[in-house]
Amino acid sequence: CLAANNLQERIQLVHKASTQMTLQDMKDGRRANVIVNELYDTELLGEGVLPTLRHALEHLASPAATVVPAAADIFAQLLSSPALAHGYLPAAAHTPAGALLFPPAAP
């Protein structure tokens, strides 16, 4: 596809997980000016998208790199349902810094 559009000299495709890449994998060791991300799933932030993007931006991208897509929206609906909650005992949740978000459910 790149050759058919005469773009093989302007665009480099690296067939490797970006988290396994270093600047040595990049043409002439240059940082990327565009990061194309296809990791989004139905929950938006699953499949390790945040650590993957963080790695790409810190280790592979130029400071002014464009990320495609650049934004997304998350929609949520809160509900309360004793029928659905029966037997569901969530564990405690903490922030990365260790602060308690909510305590574990009582059995």
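Predicted model: local features only at pLDDT ≥ 70, side-chain atom pairs only at ≥ 80, totals over all residues.

Student: Which residues of helix 1 are buried?

Tutor: In general, an α-helix has 3.6 residues a turn, so residues three or four places apart point the same way. In helix 1, which spans residues 49–59, the buried positions are V49, T52, L53, H55 and A56. Viewed down the helix axis, these residues fall within an arc of 160°, so they line one face of helix 1.

Student: Against which strands do the buried residues of helix 1 pack?

Tutor: Their partners are strand 1 (32–36) and strand 2 (61–68).

Student: What lines the largest pocket?

Tutor: The lining comprises 28 residues, and Q12, M26, A32, V34 and I35 lie nearest the centre of the pocket. Strand 1 and helix 1 are the elements that each give two or more residues to this lining, with the largest share, five residues, coming from strand 1. The space within the pocket is about 1000 Å³.

Student: How many salt bridges does the structure hold?

Tutor: Side chains of opposite charge can pair when their charged atoms come close. Here there are two salt bridges. One joins K27 and E9, at 3.8 Å from N to O; the pair therefore ties together parts that are 18 residues apart in sequence. The other joins K16 and D25, whose closest N and O atoms are 3.1 Å apart.

Key
Residues numbered from 1 in each chain as written. Heavy atoms only, no water. Buried < 20%, exposed > 50% of the residue type's maximum accessible area, 1.4 Å probe, protein only. Helix = DSSP H or I, 4+ residues; strand = E, 2+ residues; numbered from the N terminus. Arc of directions from axis to C-beta. Contact = heavy atoms within 4.5 Å. 1 Å grid on protein atoms, 1.4 Å probe; cavity = no way out; pocket = protein on both sides within 12 Å on 5 of 7 lines; lining within 4 Å. Points joined across faces, edges and corners; volume = space filled by probe spheres on them. Salt bridge = Lys/Arg side-chain N within 4 Å of Asp/Glu carboxyl O.
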